[in-house]
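Student: Let's go through this one together. Put the model up, and I'll ask as we go.

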Amino acid sequence: MKGIERCIDAWDVLADPDKAPGGKEIVVLGGGTVGCETAEFLAFRGNHMSVIELTGELCRDQEQEHKDHVLMELTERGTALLTSCAAQEIGEDFVSYKDAAGEIHTIKCDMDVCATGQRPLHPDWVNELRSEGIDAYTLGDATMTGDIRRATRSAFDVVMAL
Ligand SMILES: Cc1cc2nc3c(=O)[nH]c(=O)nc-3n(C[C@H](O)[C@H](O)[C@H](O)COP(=O)(O)OP(=O)(O)OC[C@H]3O[C@@H](n4cnc5c(N)ncnc54)[C@H](O)[C@@H]3O)c2cc1C
């Protein structure tokens, strides 16, 4: 996507909220759990938020009760929830997106946050540690990003196999 390098990663904002101190117009790209919860967090800090989501559903993989709560908080804080929309370009002070009808729109903004998904880095630590005689395993989101249940299950499976 043109201008993607201007985006701040959602993980970086969550780790250092001072990156978004409040009073800003912020667009989050990606309306999965991470994007919606990051938007909620930044809305609580006094920012006006927009969320652009490619599919027709926000917080798709989230449990219904939690999903309803997050979406209610976002709606109450006036967040623009733009589903079935594809971000096209990130400019210095705008984001453009295409809606389901193929029309291009532009949002003026101070900041863009990217939450379009993560994947593991697959560093070679495990093999390095094993080569030094240390028993090591990769598990949780380091094997495949998922949720807490999957991460703890993968830990359980490793421990049970010892
Ligand atoms: C905003 C958000 C909301 C979420 N909501 C939910 C939810 O509602 N329900 C759900 O089930 N899941 C949710 N998830 C997913 C869930 O958090 C993860 O699937 C889960 O935390 C994975 O556990 P993990 O231990 O594999 O990794 P993590 O919890 O990410 O833990 C990895 C740890 O390793 C540390 N680390 C990284 N690099 C190094 C290094 N070089 N040396 C030492 N330590 C290092 C990190 O600081 C971190 O503490 C959410 C994720 C996010 C980002």
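**Loops, strands and a ligand shell**

Student: Where is Ser84 found?
Tutor: Ser84 sits in the loop between strand 4 (80-82) and strand 5 (86-90). Helices (H or I, at least four residues) and strands (E, at least two) are DSSP runs, numbered from the N terminus. This is a predicted model: local features need pLDDT of at least 70, side-chain atom pairs count only at pLDDT 80 or more, and totals for chains, interfaces and linings use all residues. Residues are numbered from 1 along each chain as its sequence is written.

Student: What is the phi of Ser84?
Tutor: Near 55 degrees, a positive value in a residue other than glycine. Most residues other than glycine have a negative phi.

Student: How many other C-beta atoms lie within 10 Å of Cys59, and how many for Ser84?
Tutor: Cys59 has 24, so Cys59 is buried. Ser84 has 14 and is partly exposed. The cut-offs, with C-beta atoms placed from the backbone: buried means 20 or more other C-beta atoms within 10 Å, exposed means 12 or fewer, partly exposed is in between.

Student: On to the strands. How do strand 5 and strand 6 pair?
Tutor: Antiparallel, over four bridges. Pairing takes at least two DSSP bridges between the strands. Ala86 has Lys98 in strand 6 as its bridge partner. The two strands form a hairpin, with three residues between them.

Student: What about strand 6 and strand 7?
Tutor: Strand 6 and strand 7 (residues 104-108) run antiparallel, joined by five bridges. Phe94 has Lys108 as its bridge partner in strand 7. This hairpin has five residues between its strands, and Gly102 in the turn has a positive phi of about 90 degrees.

Student: Which side chains of strand 6 are buried?
Tutor: Val95 and Tyr97, which point to one face.

Student: What does Val27 touch?
Tutor: Ser50, Ile52, Val95, Ile107, Cys109 and Asp112, not counting residues up to four places away in sequence. Contact means C-beta atoms, placed from the backbone, within 7 Å. Val27 is in strand 2 (residues 25-29). Val27 is buried, with 26 other C-beta atoms within 10 Å. Val27 and Val95 are 68 residues apart along the chain, yet their C-alpha atoms are separated by 7.5 Å.

Student: New topic. Where does the ligand lie relative to the domains?
Tutor: Between them, because domain 1 (4-114) and domain 2 (125-160) both give residues to the shell around the ligand. The domain bounds come from an automatic or database domain assignment. The domain centres, taken over C-alpha atoms, are 32 Å apart.

Student: Which residues surround the ligand?
Tutor: Thr33, Val34, Glu37, His66, Gly140, Asp141, Ala142, Gly146, Asp147, Ile148, Arg149 and Ala151. Helix 2 (33-44) and helix 5 (148-160) are the elements giving two or more residues to that shell.

Student: Is helix 5 buried or in the open?
Tutor: Largely in the open, because the number buried among its 13 residues is zero.

Conventions
Two residues are in contact if their C-beta atoms, placed from the backbone, lie within 7 Å. A residue is near a molecule or strand if its C-beta atom, placed from the backbone, lies within 6 Å of it.
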